[in-house]
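Please read this briefing beside the sequence and the model.

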Amino acid sequence: MTAEIVEYATNPTASSTAFPPQRVASGVGWGDREHLMLVSYATFSRDTQGRQYAERPHPYRGPFQRDRDRILHASAFRRLAGKMQVFTGDMGDYHRTRLTHTFEVASIARTIARVLRLNEDLTEALGLMHDIGHPPYGHCGEDVLDACLADVGGFSHNQFALTIAEELEQRASGPLGLNLSAEVLAGQDDRAHKAERAEGASAALEVQVVDLADSIAYDAADVDDALQMGLLTLQDLSRLRIVARALGRLNTRQGHLPPPQVRPALVHELVEMQVTDLLESASRCLLPWAGRTAEELQQAGIRLGHSPELASEREELETFLFSRVYRHPRLVAVRQAAADRLATLFESLLRAPQRLPLRFRMRIERVGTRRAIGEYLGGMTDRFCDVQYERLRSGDGPLADW
Ligand code: MG
């Protein structure tokens with residue numbers, strides 16, 4: 001019997017009515033499940049550094065499951081539905097929003113974590129959280145806020161995700177913040193400082209998996225969305241090595257595809273090829289570390305990645321997407337208008353901070369005026385930002401809270 005079983009069997013909150021007796025009798029709790037399923041260098045719930053505010057263990061959900069659920073139920077998570085990934089809402093409704101991108105990342109990351117026998121709950125929590133701090137209007141919105149906050153440390157969506165999780169979200173009970181496990185906060189902090197932490201000790205493998213799943217998801221999705229919107233043609237793309245290889249594999253396996261099937265088949269193949277390559281490289285990299293702990297691998301600076309061939313193909317694809325999609329005249333015009341609205345909102349609120357909603361006026365004392373305005377604007381959805389922009393120009397009362 002493991003320590004976790006003792007913990008939940010003696011947990012005073014676990015009543016026999018709330019918890020099926022056969023589950024207690026069979027003793028398959030989250031601690032046992034991890035013990036049976038995970039590899040030695042996964043992040044185990046039993047080793048968690050805990051939460052800022054101590055909480056009783058839950059009778060049948062492990063700590064990282066609870067973190068995942070808290071993120072899923074957070075208002076900032078729901079607002080991802082109204083935040084653009086690459087394309088705005090007025091460009092159709094086929095393409096990804098920040099929310100559907102997040103689910104794709106969490107799904108790919110979980111698949112990878114399951115095959116590598118890492119902690120799926122932690123991976124999923126990190127996947128769902130990874131873009132929760134994104135401001136309106138995608139990276140263009142982030143650039144505007146970063147410039148507006150340059151004197152007070154700038155703005156990064158990865159850092160803002162931590163502010164949301166630790167200071168802004170209101171749960172049903174307890175102080176402000178989601179009171180997440182230290183490992184989830186540390187994983188998000190690693191994302192926020194990725195560039196500085198490119199050498200030396202590495203992040204937990206679950207954190208690395210989410211990072212890799214993020215780029216696999218957006219590369220494939222951007223190809224899909226751009227093709228559907230007519231910003232690219234299959235002919236343009238087939239000059240790229242990774243696309244040519246994917247089309248070649250499809251042709252060998254399935255023969256000539258009817259035209260409507262080509263795009264979804266290509267996107268599926270791109271994800272499949274990248275995940276398979278990553279799993280093969282990761283398995284080779286991790287093989288000598290069998291029996292070692294997560295801490296030992298992090299200290300040794302073990303970093304997962306694609307094979308050199310696929311990494312080079314991905315680089316070619318990303319360079320192409322950058323010049324042909326992200327800088328497409330249709331997108332540049334939309335982005336410029338959005339950037340102007342956000343910058344105007346910021347400057348106007350800086351001149352008249354009394355127009356901030358009460359919650360953010362109260363934040364001024366704690367974080368300063370610029371940061372409080374940045375937090376208010378950073379939490380908005382695209383449409384909410386548009387509405388507040390109109391409200392700012394047409395009236396003189398406080399703007400709405402999100
Ligand atoms: Mg992302």
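Contact, as the word is used here, means heavy atoms within 4.5 Å. With that definition, Asp-225 touches Phe-87, Tyr-94, His-95 and Arg-96, not counting residues up to four places away in sequence. The model is predicted, so local features need pLDDT of at least 70 and side-chain atom pairs count only at pLDDT 80 or more, whereas totals for chains, interfaces and linings use all residues. Residues are numbered from 1 along each chain as its sequence is written, and side-chain values use heavy atoms, with hydrogens and water left out.

Helices (H or I, at least four residues) and strands (E, at least two) are DSSP runs, numbered from the N terminus. Buried means under 20% relative accessible area, exposed over 50%, and partly exposed in between (1.4 Å probe, protein chains only).

**Magnesium site**

- The protein donors of the magnesium ion are His-101 (NE2), His-130 (NE2), Asp-131 (OD) and Asp-214 (OD), and they lie 2.2 to 2.5 Å from the ion.
- Donors are N, O and S atoms within 2.8 Å of the metal (3.2 Å for Na, K and Ca), and because water is not among the atoms, sites may look incomplete.
- Along the chain, the donors of the magnesium ion follow the spacing H-x28-H-D-x82-D.
- His-101 lies in helix α6 (residues 98-116) and His-130 in the loop between α7 (120-129) and α8 (138-148), so this pair ties together parts that are 29 residues apart in sequence.
- Both His-101 and His-130 are buried.
- Asp-214 is found in helix α11, and at 9% relative accessibility Asp-214 counts as buried.
- When residues up to four places away in sequence are not counted, Asp-214 touches His-101, Val-105, His-130 and Arg-191.

**Helix α11 against helix α14**

- Helix α11 (residues 205-228) and helix α14 (residues 259-286) pack at an angle of about 160°, with their axes 9 Å apart, which makes α11 roughly antiparallel to α14.
- Axes are lines fitted to C-alpha atoms, for helices over the stretch in contact, and angles run from 0 to 180 degrees between N-to-C directions.
- Angles under 35 degrees count as roughly parallel, over 145 as roughly antiparallel, 65 to 115 as roughly perpendicular and the rest as oblique.
- α11 passes α14 in a right-handed crossing; a crossing is right-handed if the near helix is turned clockwise from the far one by less than a right angle, and left-handed if anticlockwise.
- Residues of α11 in the contact include Leu-205, Leu-212, Ile-216 and Asp-219, and those of α14 include Arg-263, Leu-266, Val-267 and Leu-270.
- By class, the contact of α11 with α14 has 13 nonpolar, 2 polar and 3 charged residues.
- In this classification Ala, Val, Leu, Ile, Met, Phe, Trp, Tyr, Cys and Pro count as nonpolar, Asp, Glu, Lys and Arg as charged, and the others, Gly among them, as polar.

**Other helix contacts**

- The axes of α6 and α14 come within 11 Å and cross at roughly 30°, and α6 passes α14 in a right-handed crossing.
- Ile-108, Ile-112, Val-115 and Leu-116 of α6 make this contact with Val-271, Val-275, Leu-278, Leu-279, Ala-282 and Ser-283 of α14, and by class it has 9 nonpolar, 1 polar and no charged residues.
- Helix α9 (residues 157-168) and helix α18 (residues 358-367) pack at an angle of about 100°, with their axes 14 Å apart, and α9 and α18 are therefore roughly perpendicular to each other.
- Thr-163, Glu-167 and Leu-168 of α9 meet Arg-359, Arg-363 and Arg-366 of α18, and the residues of the contact of α9 with α18 divide into 1 nonpolar, 1 polar and 4 charged.

**Single residues**

- Asp-225 has its place in helix α11 and is buried, with a relative accessible area of 2%.
- Glu-124, in helix α7, is buried at a relative accessible area of 13%, and is in contact with Arg-68 and Arg-110 once its neighbours within four places in sequence are left aside.
- Tyr-137, in the loop between α7 and α8, has a phi near 65°, a positive value in a residue other than glycine, and counts as buried at 3% relative accessibility.
- Asn-179, in the loop between α9 and α10 (182-192), has a positive phi of about 50° although it is not a glycine, and is buried with a relative accessible area of 11%.
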